[in-house]
Amino acid sequence: MLHALYATSSYNFIYQAQVVDKCAAANDRANEINLTYVPTTYYDAGHRVLVGANYQALYISRINDAGARTVAPLNMITAIDWLGNNEVRVRVRIGNGVSVNEVPTVPAAPSGIAKGLINVSYDFTALSSDSDADDLYYQWDFGDGTITGWLGPFSEGTTMVQSYAWANVGTYDVLVRTKDSYEETTAWSPASSVTIGCCIIRGDFNHDSVRDITDLTSLVDFMFAGGAAAPCDEEANINGIGDLDITDLTFTVDFMFGGGAAPPDCP
Ligand SMILES: [Ca+2]
Ligand SMILES: [Ca+2]
Ligand SMILES: [Ca+2]
């Protein structure tokens, strides 16, 4: 609450009443309550109120008290939001000796997949709380150099869902952080590790979603005739051992024509 001090003199009021209105009642009031022309009304933001007394010393003591009284620091925080259409919203929060804004809680590690495929979108969720119930914004780091802008606002208590697709095979740390509508920003959350691969069908050398004789010819072409490499190394690595080498060719031939073991599942 703001403290303000007002002491008004009724001298002017009475003077005006006499001149303008020739008001007998005003003269009566002057005679009854303001003979000494001291202030007759004192407000100190509700801290103390005095009305009608005509003892100058009483007012002086109160004014002196107000000046000497210790007032807790007044904390204030403001925010301005652009609403579009030439409109802005200005928000002000004032605290009398108390904090005016608490930082949101650091979000937990994002929830979502631990393993996935390239170029497929996956949803991740994050949630912070804010004891002021401020609107919240979230920022994501997907571990491949992609850091989003601040996304929001979201009502406090609302889980944010963000989708992302990685373009390359790898293992990535996904993190998120939060800020409230007064720009108080949390630390980054703990990381969620996500492994992104490309393998759907082992032995599908040419990555056309079918494992057939053309994969064998593509493999031979790559190994011995300068043909195109496999789009996905783990699919070309049909035996799942080491990398792609000559044993994958013999495994393929054995599997296709010799009743050999089927390829293991993708990692
Ligand atoms: Ca807050
Ligand atoms: Ca194929
Ligand atoms: Ca191999």
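Colleague: What makes the reach of helix α4 (residues 213-225) close to the expected one?

Modeller: With 13 residues, α4 reaches 17 Å from its first C-alpha to its last, against 18 Å expected at 1.5 Å a residue. The expected span is 1.5 Å times one less than the number of residues, and a helix here is a DSSP run of H or I with at least four residues, while a strand is a run of E with at least two, both numbered from the N terminus. This is a predicted model, where local features need pLDDT of at least 70 and side-chain atom pairs pLDDT 80 or more, while totals for chains, interfaces and linings use all residues. Residues are numbered from 1 along each chain as its sequence is written, and chains are lettered from A and ligands numbered from 1 in the order written.

Colleague: How do you know that the buried residues of α4 are on the same side?

Modeller: D215, S218 and L219 are the buried ones. They cover an arc of only 100° around the axis, which puts them on the same side of α4; the arc is that of the directions from the helix axis to the C-beta atoms. Buried means 20 or more other C-beta atoms within 10 Å of a residue's own, exposed means 12 or fewer, and partly exposed lies in between, with C-beta atoms placed from the backbone. The face turned away carries the exposed I213, F224 and A225.

Colleague: What do the buried residues of α4 pack against?

Modeller: They pack against α6 (246-257), where contact means C-beta atoms, placed from the backbone, within 7 Å. In α6, D248, F251 and T252 are buried; they fall within an arc of 100°, so they line one face of that helix. Their cover includes α4 and α5 (233-236).

Colleague: Why is strand β11 (residues 170-180) called largely enclosed?

Modeller: Eight of its 11 residues are buried, so the rest of the structure largely encloses β11. Strands pair if DSSP finds at least two bridges between them; β11 has six with β8 (residues 136-141) and five with β12 (residues 192-197), and both pairings are antiparallel.

Colleague: What makes a set of residues a nonpolar core?

Modeller: Its members are buried Ala, Val, Leu, Ile, Met, Phe, Trp, Tyr and Cys residues joined through C-beta atoms within 7 Å. The largest has 17 residues, and F142, Y172 and V174 are among those with the most contacts inside it. A second, separate core of nine residues includes C199, F205, A236 and L244.

Definitions and conventions: Two residues are in contact if their C-beta atoms, placed from the backbone, lie within 7 Å.
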